[in-house]
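Please open the model in your viewer, with the sequence panel beside it, and keep a selection tool ready. The stops below are meant to be followed in order.

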Amino acid sequence: MSGFSDVFTLRERILIEGIMPERALLRLKRAEIDLFDVQKPRKNQILFSVNRKDSEKVFAIYPNVCYNKGVYSAYTAKKMGAVGLAAHIERLKKRLGLVFGAALFAIALFVSDGLVLGIQCIGTDVYAREARAALWENGVRTFAPYRADKADAICARLIALGDVEYCSVKKKGFYVQVEMRLSPFAKNTFLQGDMQAKHTGTVVGITVLRGTPTKKIGDEVRQGDTLVEGCFYTQDGGQVRVEAIAKAAIACVYESEIAATEEQEAFAKAYLHLQISDGDKITKKTITQTSEHTFCVAIEYTAIETFNL
């Protein structure tokens, strides 16, 4: 009968470790905590079950080794899982969670099919900045519905740049692909003015083929700061304007709390927000769950910025 009744109990299995662990049971008895199925798997271990309502009392007397590693005690306790009906409930919760998560994923996949989760420039990325601006002006942006009726207007804007011979805009999966082909007979056009940082971080590399650098390796920069001036300075203090040509590597750190149900989803949202290009490199990432549906995502990456290259 005891085996049959155990199935319908709400109990927690607990392991206590320490020298002569039997002494630890005396204190639990004095606290009027009922113990069940007491076993001694090792010389310094006692394994037993308690009613779930008494579980917190045990850990109030003896610290939980999983959460109090810096607290000293002659005896330490550790949860070994639920038993009886409680174990069945825990398994049922996990299964329902998986089923519910799968259903939510299917619904999200269906709903987000028409959303834009990223922009891809193929063929050439010379006018990547202009392409993103044209998309934005015509209502095509991340985490918004795709505007197929604006494709012709976007293409017209980009072809008007002069040396763009072919342009197409289409949605493939969750991404909008902007394909541009430059005319082989077009002259190279250079951006005018100074090279300004697109990211906030620390300069870890800078190469200047033309122009005057204003930052060196190790300098901190903010988005919008000038990295290279489009000019040369002569010995007598004069200034000669030129088209700057340069490349810079900036070590950046991104950290934010993101609403998500799992780590992979939190990282994907952070990755899309950063809009990391093919040349950028992620050096470190840390994802920590701060609440049931919130994760703290920290990403360290090196952004490669070019000007007229």
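Select Val164 and then Leu182 in S7, which is the bridge partner of Val164. The model is a predicted one, in which local features need pLDDT of at least 70 and side-chain atom pairs count only at pLDDT 80 or more, while totals for chains, interfaces and linings use all residues. Residues are numbered from 1 along each chain as its sequence is written, and side-chain values use heavy atoms, with hydrogens and water left out.

Helices (H or I, at least four residues) and strands (E, at least two) are DSSP runs, numbered from the N terminus. S6 and S7 form a hairpin with two residues between them, and in the turn Gly173 has a positive phi of about 70°.

Next, colour the open sheet of five strands, whose order is S11-S9-S15-S17-S16 and whose pairing is antiparallel. Its edge strands are strand S11 (220-221) and S16, each of which pairs on one side only. S16 and S17 are joined in the antiparallel sense over nine bridges, and here Gln289 stands opposite Phe295 in S17.

Then select helix H7 (residues 263-274), which lies across S15, S16 and S17 and runs at about 30° to S17; the axes are lines fitted to C-alpha atoms, for helices over the stretch in contact, and angles run from 0 to 180 degrees between N-to-C directions. The expected span of a helix is 1.5 Å times one less than its number of residues, so the 12 residues of H7 should span 16 Å, which agrees with the 17 Å between its end C-alpha atoms. Just after H7, Gln275 takes a positive phi of about 55°.

Which residues of H7 are buried? They are Ala266, Phe267, Ala270, Leu272 and Leu274, where buried means under 20% relative accessible area, exposed over 50% and partly exposed in between (1.4 Å probe, protein chains only). These buried residues pack against strand S7 (175-182), strand S15 (245-259), strand S16 (281-291) and strand S17 (294-307).

From here, turn to the largest nonpolar core, which has 25 residues, those with the most contacts inside it being Met195, Leu227, Tyr254, Ile299 and Tyr301. A nonpolar core is a set of buried Ala, Val, Leu, Ile, Met, Phe, Trp, Tyr and Cys residues joined through side-chain atoms within 4.5 Å. Centre the view on Ile299, which, leaving aside its neighbours within four places in sequence, is in contact with residues including Cys252, Phe267, Ala270 and Leu274; contact means heavy atoms within 4.5 Å. A second, separate core of 18 residues includes Ala134, Val140, Val169 and Met180.

Finally, show the cysteines, among them Cys252, which is buried because its relative accessible area is 3%, and Cys296, which counts as buried at 18% relative accessibility. With a disulfide taken as a pair of cysteine sulfur atoms within 2.5 Å, the count comes to zero disulfides.

Methods: Two strands pair if DSSP finds at least two bridges between them.
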